[in-house]
Amino acid sequence: RFKLYSRGTRHFKWLIQQNAQLYVSTPYLQNKYQAHNPIVLTPQQITSPTAHSTNATHKTQKRCRVFYHATASHRQEIEWLYPVMKQVLETSPHIEFEIIGDAKTRSLYKNLPRTTIIDPMSWIDYQSFIAQPGRDIGLAPHLDSPFNRARSYTKLFDIERAGAIALL
C-alpha cells in the first residue's frame with residue numbers, strides 16, 4: 001500500500017488539476033473511484049492469432065508448458081492451484097509446469113513431477129525472463145478478493161508477452 005501511495009496516490013491532486021481522465025481495468029475499480037468518472041478499458045488482443053496457432057501445433061506434437069508466475073501476495077491462489085496441477089501432472093505426462101514462488105511455494109510444489117520452481121526476481125529481470133520462448137498456457141486464477149477484483153487483466157499482458165494462451 002505504501003508503494004502505491006508513494007508512487008501514485010500522492011499525485012492525485014495534481015492529476016485533477018490537469019483535468020486528467022481516469023481509466024481503470026475493472027468494474028470494481030470503476031465503482032471504487034466513481035467520484036472521478038473513470039472509464040473501464042478491457043484488454044484487446046495485441047498479437048496476431050497466428051502467433052498462438054504455432055503454439056497450439058507445438059503442444060499436440062510434444063509437450064505443453066503451463067505456467068503460473070505469482071508473488072507472495074498470491075498465496076491463496078498458489079495453494080488453490082496445487083491440487084489442480086497435481087492432478088493434471090499425474091494424468092497428463094506431456095504437461096510441464098512452471099511456477100514462480102518463494103520458499104513456501106518451493107516446499108509445496110517440490111514433489112510434483114515435471115515442475116520447475118523459479119525464484120522471485122526483479123521486474124526488469126522478469127521482463128527478459130517472460131519473453132523467453134517455450135511457454136504455452138499461462139494461468140491467472142483470480143480467487144474472489146478485493147485485491148484480485150481490482151487487479152483483473154494485468155496478468156494477461158505477461159502471458160501475451162510469453163506468446164502463450166491465457167486461462168483465467
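Residues are numbered from 1 along each chain as its sequence is written, and side-chain values use heavy atoms, with hydrogens and water left out. Because the model is predicted, local features need pLDDT of at least 70 and side-chain atom pairs count only at pLDDT 80 or more, while totals for chains, interfaces and linings use all residues.

The protein chain holds nine helices and seven strands. These are DSSP runs, numbered from the N terminus: helices are H or I with at least four residues, and strands are E with at least two. The chain has 168 residues, and 35% of them are buried. Buried means under 20% relative accessible area, exposed means over 50%, and partly exposed lies in between (1.4 Å probe, protein chains only). The accessible surface comes to about 11000 Å². Carbon and sulfur atoms own 57% of that surface. Accessible areas come from the Shrake-Rupley method with a 1.4 Å probe; for residues, only the protein chains shown count as cover. A contact means heavy atoms within 4.5 Å. Among contacts with a separation of 6 or more, 63% join residues 24 or more positions apart.

The largest nonpolar core has 17 residues. Such a core is a set of buried Ala, Val, Leu, Ile, Met, Phe, Trp, Tyr and Cys residues joined through side-chain atoms within 4.5 Å. Val66, Tyr68, Phe97, Tyr109 and Leu139 touch the most other members. Two or more residues each come from strand 3 (64-69), helix 5 (75-91), strand 4 (95-100) and strand 6 (137-139). Helix 5 gives the most, with five residues. Leaving aside neighbours within four places in sequence, Val66 is in contact with Met85, Ile95, Glu96, Phe97, Glu98, Ile137 and Leu139. Another core, of 10 residues, lies apart from the largest one. Its members include Ile100, Ile118, Phe129 and Ala140.

Thr105 is found in helix 6. Its relative accessible area is 0%, so Thr105 is buried. Not counting residues up to four places away in sequence, Thr105 touches Arg75, Ile78, Ile99 and Ile100.

Helix 7 spans residues 123-130, and its buried residues are Tyr126, Gln127, Phe129 and Ile130. Seen down the helix axis, they fall within an arc of 165°, so they line one face of helix 7. The arc is that of the directions from the helix axis to the C-beta atoms. The buried residues of helix 7 pack against strand 3, strand 4, strand 5 (115-118) and helix 9 (154-161).

Ile39 sits in strand 2 (residues 39-40). Ile39 counts as partly exposed because its relative accessibility is 35%.

Most residues other than glycine have a negative phi. Asn19 has a positive phi of about 60°, although it is not a glycine. Asn19 is in the loop between helix 2 (12-17) and strand 1 (23-24). With 69% relative accessibility, Asn19 counts as exposed. Arg114, also not a glycine, has a positive phi near 55°. Arg114 lies in the loop between helix 6 (103-109) and strand 5. Its relative accessibility is 33%, so Arg114 counts as partly exposed.
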